[in-house]
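Colleague: Hey, I'm new to this one. Could you walk me through it?

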Amino acid sequence: MTYELKFDVERGDFETAGLASRKIKKTLQQLGINNKTIRQVSIAGYEGEMNLAIHSDGGYISLMVLDGELVLVIEDTGPGIPDIALAMQEGYSTAGDEVREMGFGAGMGLPNMRNNSDAFEINSEPGVGTRIEMHFNTKT
Amino acid sequence: MKLREIQELLDAVVLAGENHLNDEVLCGFGSDLMSDVLCYANDDAILLTGLTNRQVLNTAEMANMRCVIFVRNKKPSDELIRMAVEMDMLIMSTRLILFECCGILYQHGLAGANKR
Ligand SMILES: Nc1ncnc2c1ncn2[C@@H]1O[C@H](COP(=O)(O)OP(=O)(O)OP(=O)(O)O)[C@@H](O)[C@H]1O
Ligand SMILES: [Mg+2]
């Protein structure tokens with residue numbers, strides 16, 4: 001492993017939500033990663049960070065910079081997702097009014113994370129938590 | 001289209017990032033739904049929105065957008081303006097409604113930032 005970054009994200013903290021993704025984006029720019037990959041990681045990371053703040057009891061987002069690929073892990077300690085297939089559908093959302101007034105809660109985040117990554121894996125258990133792992137190729 | 005031309009066409013007030021007025025943009029996206037901006041918007045676009053919370057600027061930054069224009073005379077807080085300064089992002093405010101902004105800019109050749 002060459003480099004790792006990790007940020008905690010708290011539930012309901014919309015003041016600081018987005019900071020982790022912005023720092024990740026800056027780091028990738030400093031490392032000279034290509035722009036297309038930076039955009040994909042930024043969008044997928046930000047969707048994941050917002051999901052932590054909106055839906056989870058709190059968790060973290062981490063970026064590993066490896067030879068030829070980037071790995072983004074977004075993990076929380078609950079409440080978990082009862083039906084992953086349903087949650088992965090475009091348009092499915094359990095977000096409340098406060099979140100919708102902020103411009104989120106369209107049910108697009110998880111599918112967008114899958115679309116922006118080269119490999120996407122989600123595991124979740126109600127009462128335990130959710131873990132999403134995404135891989136992005138950086139070899140050109 | 002230069003951002004300065006957009007500012008003039010919309011009679012918009014610049015709130016931060018004036019140094020970017022000579023930058024060029026290719027397309028625009030108008031929405032109050034940041035979820036959709038993150039899914040559908042192209043690079044090097046401008047964002048027109050009636051929302052003024054922090055996540056609007058984060059969304060624009062993550063989607064490589066060059067400028068945020070607040071429509072319907074919405075004025076962001078001083079805190080948001082400071083955030084834009086820190087991010088080096090051009091933000092402006094216009095009295096026009098979203099429909100008018102999009103119509104004017106489209107008529108002058110700015111394309112829709114539609115990725116799909
Ligand atoms: N970390 C999580 N913990 C618990 N539930 C989650 C988590 N992430 C997503 N979900 C559930 O999956 C649904 C779909 O998530 P997704 O990100 O696709 O949409 P959204 O967050 O509701 O809206 P958008 O992402 O468009 O703002 C959520 O509404 C929520 O019910
Ligand atoms: Mg989401």
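Colleague: Where does B:N73 lie?

Modeller: B:N73 sits in the loop between β4 (67–70) and α4 (78–87) of chain B. Helices (H or I, at least four residues) and strands (E, at least two) are DSSP runs, numbered from the N terminus. This is a predicted model, where local features need pLDDT of at least 70, side-chain atom pairs count only at pLDDT 80 or more, and totals for chains, interfaces and linings use all residues. Residues are numbered from 1 along each chain as its sequence is written, chains are lettered from A and ligands numbered from 1 in the order in which they are written, and side-chain values use heavy atoms, without hydrogens or water.

Colleague: And what phi does B:N73 have?

Modeller: A positive one, about 60°, although B:N73 is not a glycine. B:D44 also has a positive phi, about 50°, and is not a glycine. B:D44 is in the loop between α2 (34–40) and β3 (45–49) of chain B.

Colleague: Switching to chain A, how many bridges join β4 to β5?

Modeller: Seven, between antiparallel strands β4(A) (residues 119–125) and β5(A) (residues 129–137). Strands pair if DSSP finds at least two bridges between them. A:S124, for one, has A:T130 as its bridge partner.

Colleague: What's in the turn?

Modeller: The hairpin has three residues between its strands, and A:G127 in the turn has a positive phi of about 85°.

Colleague: Which residues does the cis peptide bond join?

Modeller: A:G78 and A:P79, with omega about 5°. A:P79 is in the loop between β3 (69–76) and α3 (84–87) of chain A.
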